[in-house]
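Hi,

Here is the structure I promised to pass on.

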Amino acid sequence: MGGEKLVACMLVTVLSLTLMRSVYGQHMPEEACSVQILVPGLKGEPGEKGEKGAPGRPGKVGPPGEPGPLGNKGQKGSTGHYGKMGPAGLKGIKGDMGDPGPKGPNGEPGVPCECAPLRKMIGEMDIQVAQLTNELKFIKNALPSPAAVAGIKETDSKVYLLVKEEKRYRDAEVFCQGRGGHLAMPKDAAANRAIAGYVTEAGLSRVYIGINDLEREGHFVYVERSPMTTFSKWREGEPNNAYDDEDCVEMVSSGEWIDVACHLTMYFVCEFDKDKV
Ligand SMILES: [Ca+2]
Ligand SMILES: [Ca+2]
């Protein structure tokens, strides 16, 4: 170290005042040199380019970039798995009736039996049931109450109904009309007999029938306003228009007719056309 200090002091002595660039260096001890200045040497020649260094460590991850433009639509994928079954839908509207199916095969032959008489009886009973059903239907429709009537009587074309309610002539006709008929109008002997038999069977002595001369004295017509037929069944001495007040007609149990006052109240017979019942 002492040798280097000596060299330095000598350099200072020679060059200190002439060198423009000078740099103050470290203070040296007082006893070695009062002012010691270190001066760098001349710049050397550039060295040769070094070899490429080893790759550096990877840098930090940068911030995310801007979203790119929308890509092209991809191709249709393959069919996925079936999903779970959904809840049951609402019940639909009932459809139209289908066409009738084909005729079925014939059944097994029945067991032979001596049934012919029974079959005949059953057939007759079927007919009776049908007739009774019709009569019952008629009675239900025509009557205020079955107790008011003794029953019905039929001919080929008429149904007669004996009504056991005492009414005046006009009210009796209103009753019959309200059920689709009229007071009974015997237009021939057979009809007259049927009505008379009906009255007799019921134990009655007189009923109103549908004949009157209300519009023109002595000119009798049917209650439906049609003119009298040639048939009549007046009791001897009738019609006599007694007290000048007999414009309606009753039938007695013998089947004979008598003109009587219309305000009398008595039972009566209605008639209905069979094809309307
Ligand atoms: Ca009269
Ligand atoms: Ca009379």
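Below are some notes on the calcium site, the strands, the disulfides and one glutamate.

First, the ground rules. This is a predicted model, in which local features need pLDDT of at least 70 and side-chain atom pairs count only at pLDDT 80 or more, while totals for chains, interfaces and linings use all residues. Residues are numbered from 1 along each chain as its sequence is written, chains are lettered from A and ligands numbered from 1 in the order in which they are written, and side-chain values use heavy atoms, with hydrogens and water left out.

Let me start with the metal. The calcium ion (ligand 1) is coordinated at 2.3 to 2.8 Å by D213 (OD), D213 (OD), E217 (OE), E217 (OE), N241 (OD1), E246 (O) and D247 (OD). Donors here are N, O and S atoms within 2.8 Å of the metal (3.2 Å for Na, K and Ca); water is not among the atoms, so sites may look incomplete. Along the chain, the donors follow the spacing D-x3-E-x23-N-x4-E-D. N241 and E246 are both buried (under 20% relative accessible area, with exposed over 50% and partly exposed in between; 1.4 Å probe, protein chains only).

Next comes strand β6, residues 248-252, where five of the five residues are buried. Helices (H or I, at least four residues) and strands (E, at least two) are DSSP runs, numbered from the N terminus. In a regular strand the side chains alternate between the two faces of the sheet. In β6, C248, E250 and V252 point one way, V249 and M251 the other. Strand β4 (residues 206-212) runs antiparallel to β6 and is joined to it by five bridges, with N212 as the bridge partner of C248; two strands pair if DSSP finds at least two bridges between them. Strand β7 (residues 257-260) is also antiparallel to β6, over four bridges, and I258 in β7 stands opposite E250. The hairpin of β6 and β7 has four residues between the strands, and G255 takes a positive phi near 100° there.

How many disulfides does the structure hold? There are two, counting a pair of cysteine sulfur atoms within 2.5 Å as a disulfide. One joins C176 to C270, with S to S at 1.9 Å. This pair links distant parts of the chain, since C176 is in helix α3 and C270 in strand β8 (residues 266-273), 94 residues apart. The link is left-handed, with -80° about the S-S bond, and both cysteines are buried.

The other disulfide is formed by C248 and C262, with the sulfur atoms 1.9 Å apart. C248 lies in β6 and C262 in the loop between β7 and β8, so this pair ties together parts that are 14 residues apart in sequence. The torsion about its S-S bond is about 100°, so the disulfide is right-handed.

As for β8, six of its eight residues are buried, so the strand is largely enclosed by the rest of the structure. Strand β2 (residues 158-167) is joined to β8 by seven antiparallel bridges, and V163 has F268 as its bridge partner. Strand β3 (residues 182-183) pairs with β8 in the antiparallel sense over two bridges, and H182 is the partner of E271.

Finally, H182 also turns up beside E173: leaving aside neighbours within four places in sequence, E173 is in contact (heavy atoms within 4.5 Å) with H182, L183 and V223. E173 is found in helix α3, residues 169-178.

Best wishes
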